[in-house]
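Please look through the structure below slowly, first as a whole and then residue by residue.

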Amino acid sequence: MTEATTTHRSSPADDAPDTLVLPDGRTLAWWEFGDPAADTVVLNCHGGLMDGRDVALADEVARERGIRILSPDRPGVGGTSRTGHAGMLPWVHSDVRPLLDHLGITRCAVMGWSEGGQYALAVAHELPAHVTRAAVIAGALPLDDPQNRAHLNRPDRRLAALSEHAPTLAHAYFAAARRMGRRVPERFAAASARVLDATDQEVIRTHEQWFVTSALGAMDDLGGATDEYRVFVASWGFAPEEVAVPVDVHQGSADQLIEPAWAEELAARLPQGRLIRWPGEGHFIAVTRRPEILGRLVADA
């Protein structure tokens with residue numbers, strides 16, 4: 001087993017993440033936002049088809065509030081190497097735990113947007129001694145349940161099925177999307193926004209460069225994008241009832257990607273779950289409501 005080593009970028013605004021050589025020889029890339037010297041730490045679990053920069057728009061508010069945000073790219077996303085396993089619980093131990101240990105972090109909050117919500121719960125489940133509080137932002141119920149999966153939005157349901165049963169076709173889809181994003185980013189952003197509600201469309205119009213850049217980072221490795229979808233709909237390896245830490249479940253009523261009713265069920269199943277509704281807002285409450293989400297998350301820090 002090799003000793004973990006790291007390289008650093010000069011500031012959170014740089015175009016390259018920090019990188020860490022993990023004990024298994026893989027490379028882990030992570031982004032830092034907010035106040036790099038703060039003792040209050042939040043681990044961010046990025047959404048699906050986004051890389052660790054999905055939380056970049058929170059940089060200013062995190063700096064103002066004295067919060068340090070760590071946002072690792074998952075295996076096969078951005079600068080992080082793919083791994084032989086594909087699952088959330090192995091990821092906590094192969095990637096998250098070594099990162100926290102390397103940075104000397106013993107206590108932190110954790111949050112995740114969309115697909116990242118279930119990863120945040122996985123961290124809370126596996127590392128309860130480290131996690132003070134978790135936040136699930138527009139997240140799903142376990143999608144290995146056929147009834148839940150049947151209510152997943154049509155594009156994600158189709159891509160999940162291709163990733164499971166026809167990965168070559170999934171690769172072709174991601175390659176085409178990647179070409180569009182690189183050559184005509186405004187068209188890529190507009191195409192992505194078509195399935196969203198008006199509030200989310202406005203977020204993408206306002207922050208087009210952020211959205212396209214983070215999405216392209218998620219499709220650098222076509223196999224990694226496919227892995228992400230397979231894990232998204234696979235068994236979590238634990239039940240919500242087994243998560244022992246307090247969890248805020250945030251949900252917009254106009255969300256077109258995640259069934260809003262799922263949030264109420266998830267909050268009820270979590271032993272210390274609390275539902276926070278955002279009436280009239282969509283999937284991008286991770287952007288529009290980030291100050292409130294962060295404020296609740298670190299209130300006890």
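The secondary structure of this chain comes to 13 helices and nine strands, where helices (H or I, at least four residues) and strands (E, at least two) are DSSP runs numbered from the N terminus. The chain has a radius of gyration of 18 Å, close to the 19 Å that the globule rule gives for 301 residues, so it is as compact as a globular protein of that length; the radius is taken over C-alpha atoms, and the rule is 2.2 Å times the number of residues to the power 0.38. This is a predicted model, in which local features need pLDDT of at least 70 and side-chain atom pairs count only at pLDDT 80 or more, while totals for chains, interfaces and linings use all residues. Residues are numbered from 1 along each chain as its sequence is written, and side-chain values use heavy atoms, with hydrogens and water left out.

Taken along the principal axes, the C-alpha atoms fill a box of roughly 40 × 40 × 35 Å. Of the 301 residues, 55% count as buried, a word that here means under 20% relative accessible area, whereas exposed means over 50% and partly exposed lies in between (1.4 Å probe, protein chains only). If we call two residues in contact when they have heavy atoms within 4.5 Å, then residues 24 or more positions apart account for 73% of the contacts with a separation of 6 or more.

Which helix is mostly covered? In helix 3, residues 116–126, ten of the eleven residues are buried, among them Tyr-119, Leu-121 and His-125. In the loop between strand 6 (108–113) and helix 3 lies Ser-114, which has a positive phi of about 60° although it is not a glycine, and which counts as buried at 15% relative accessibility. Leu-49 also has a positive phi, of about 55°, without being a glycine; this residue is found in the loop between strand 4 (40–45) and helix 1 (59–64), and at 25% relative accessibility Leu-49 counts as partly exposed.

Let us turn to the aromatic rings. A search of the whole structure finds eleven aromatic pairs, where rings of Phe, Tyr and Trp (its six-membered ring) pair if their centres lie within 6.5 Å, and planes under 30 degrees apart count as stacked, over 60 as edge-to-face and the rest as tilted. The rings of Tyr-173 and Phe-174 have centres 5.6 Å apart and planes at 75°, so this pair is edge-to-face. Tyr-173 is partly exposed, with a relative accessible area of 43%, whereas Phe-174 is buried at 0%. Elsewhere, ring pairs link Trp-113, Phe-188, Trp-210, Phe-211 and Phe-284 into a cluster.

Trp-31 belongs to strand 3, residues 27–34, and is buried at 4% relative accessibility; Trp-31 and Ile-69 are 38 residues apart in sequence and 8.1 Å apart in space, C-alpha to C-alpha. Arg-277, found in strand 9 (residues 273–278), is exposed, with a relative accessible area of 53%. Leaving aside its neighbours within four places in sequence, Arg-277 is in contact with Gln-251 and Glu-264, while Arg-277 and Arg-149 are 128 residues apart in sequence and 22 Å apart in space, C-alpha to C-alpha.
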